[in-house]
Amino acid sequence: MRPNIKNIAVLTSGGDAPGMNACIRAVVRTGIYNGINMFGVLQGYQGLINNNINPMDARSVSNIIHLGGTILKTARCLEFKTEEGLDIAFANLKARDIDGLIVIGGDGTFTGAQRFAKKHGVKVIGIPGTIDNDLSGSDFTLGYDTAINTVIEAIDKIRDTADSHDRLFFIEVMGRDSGCIALRSAIASGAEAVLLPERETSVDELVAQLESGASTKKSSSIVIVSEGHKDGGAYDIAKKVKERFNHYDTKVTILGHLQRGGSPSSFDRILGSRLGFAAVNEILKGSTMQMVGLRGNEIHTTSIEDALTKHSFKLESDLLEMTKVLSI
């Protein structure tokens with residue numbers, strides 16, 4: 001017999017990611033299909049504290065699968081980190097007899113969900129929604145695929161200008177602690193070099209690599225810089241390189257929040273739908289403090305504790321080697 005679950009709420013928290021709306025749609029409709037009353041929390045954990053919790057029906061999520069961002073909005077909430085904030089949020093859920101909570105977000109979102117579940121016993125299931133792809137237990141996080149495609153599209157356009165003017169472009173992409181976006185976009189865009197938080201690449205090595213390319217008559221070069229590189233961002237590294245290598249006219253582009261926006265790819269729409277469907281079914285089975293994720297082509301669960309602590313940033317060894325081999 002399944003637990004006596006009658007009411008489930010869903011929220012999005014932290015940074016938005018393409019595919020969140022597809023996921024919300026799947027959560028709401030899967031719940032309704034199973035006879036559950038569904039609620040949407042506006043503005044993440046802040047909405048739990050502010051009691052901004054609204055009923056949702058199947059039509060509440062019509063025509064959103066193709067939209068970027070999140071219809072439930074998102075916010076960072078310092079108050080939810082306090083004991084008082086957790087108590088207020090729980091009282092608001094209890095007033096509506098909400099039995100389960102599905103949270104879509106990254107490590108900050110999961111940390112809050114973990115504290116909330118431990119203190120008040122709320123059944124919580126996490127869905128990894130972050131473009132950084134930095135949660136253990138899922139090969140791909142929601143929004144990662146779309147973000148890479150956005151980066152590649154931008155780099156392709158920059159490449160046209162670089163080739164036309166014999167320019168060296170340093171392009172900074174998101175990834176404070178994870179180089180997943182930088183590595184895959186470097187391979188897919190044919191970049192000459194990539195600088196990652198997880199890998200030591202000195203300015204000396206980079207200059208040597210660029211000089212090698214210039215000696216074989218490369219007309220331009222693209223260097224992808226993950227924002228979390230130890231030597232600083234793209235502007236800092238470009239300045240250091242320019243002092244020693246001025247073969248090309250040097251330019252810098254920061255892609256920034258451009259990477260979070262836009263219509264989700266088909267992959268992220270399907271992934272969001274699968275994860276949302278699975279999350280509701282896990283709560284209906286009585287699971288709690290678990291994250292649903294994609295491993296291989298199957299949906300699996302990982303404890304939120306492991307998702308947060310057993311980081312694996314999935315920097316494939318063959319891709320790392322390819323960044324050198326294919327850039328000659």
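This is a predicted model: local features need pLDDT of at least 70, side-chain atom pairs count only at pLDDT 80 or more; totals for chains, interfaces and linings use all residues.
View A. Numbering runs from 1 along each chain as its sequence is written, and side-chain values use heavy atoms, with hydrogens and water left out. Strand β4 covers residues 100-105, and β5 covers residues 123-128. Strands are DSSP runs of E, at least two residues; helices are runs of H or I, at least four; both are numbered from the N terminus. β4 and β5 run parallel, paired over six bridges (pairing takes at least two DSSP bridges). With α4, the two strands build a right-handed β-α-β unit (right-handed: with the strands pointing away from the viewer, the path from the first strand over the helix to the second is clockwise). Helix α4 spans residues 107-120.

**View B. Strand β4 is largely enclosed by the rest of the structure, because six of its six residues are buried.** Buried means under 20% relative accessible area, exposed over 50%, partly exposed in between, with a 1.4 Å probe and protein chains only. Gly100, Ile102 and Ile104 point one way from β4. Leu101, Val103 and Gly105 point the other way. All of them are buried. In a regular strand, side chains alternate between the two faces of the sheet. β4 also pairs with strand β1 (residues 7-12), in the parallel sense, over five bridges. Here Val10 sits opposite Ile102 of β4.

**View C. Ring pairs join Tyr45, Phe80 and Phe116 into a cluster.** The structure has five aromatic pairs. Tyr45 and Phe80 make a stacked one, at 4.0 Å centre to centre and 0° between the planes. Rings of Phe, Tyr and Trp (its six-membered ring) pair with centres within 6.5 Å; planes under 30 degrees apart are stacked, over 60 edge-to-face, the rest tilted. Tyr45 belongs to helix α2 (residues 44-50) and Phe80 to the loop between β3 (53-56) and α3 (83-95), so this contact ties parts 35 residues apart in sequence. Tyr45 is buried, at 4% relative accessible area. Phe80 is buried too, at 2%. Phe80 also pairs edge-to-face with Phe116: 5.4 Å between centres, 65° between planes. Phe116 lies in helix α4, so the pair ties the β3-α3 loop to a part 36 residues away in sequence. Phe116 is buried, with 0% relative accessibility.

**View D. The largest pocket holds about 680 Å³ of space.** Of its 32 lining residues, Gly14, Gly15, Arg76, Asp107 and Gly108 are the closest to the centre. A pocket is an open set of points on a 1 Å grid over the protein atoms alone, where a 1.4 Å probe fits and protein lies on both sides within 12 Å along at least five of seven lines; lining residues have an atom within 4 Å of a point. Points join across faces, edges and corners, and the volume is the space filled by probe spheres set on them. Helix α4 gives the largest share of the lining, six residues. The lining splits into eight nonpolar, 13 polar and 11 charged residues (nonpolar: Ala, Val, Leu, Ile, Met, Phe, Trp, Tyr, Cys, Pro; charged: Asp, Glu, Lys, Arg; polar: the others, Gly among them).

**View E. The C-alpha atoms of Asn149 and Ser185 are separated by 7.8 Å.** The two residues are 36 residues apart along the chain. Asn149 lies in helix α5, residues 144-165. Asn149 is partly exposed, at 40% relative accessibility.

View F. Lys73 is in the loop between β3 and α3. Asp97 is in the loop between α3 and β4. At 54% relative accessible area, Asp97 is exposed.

**View G. Strands β10 and β11 form a hairpin with two residues between the strands.** β10 spans residues 290-295 and β11 spans 298-303. They pair in the antiparallel sense over six bridges. Val292 stands across from Thr301 of β11. Gly296, in this hairpin, has a positive phi near 65°.
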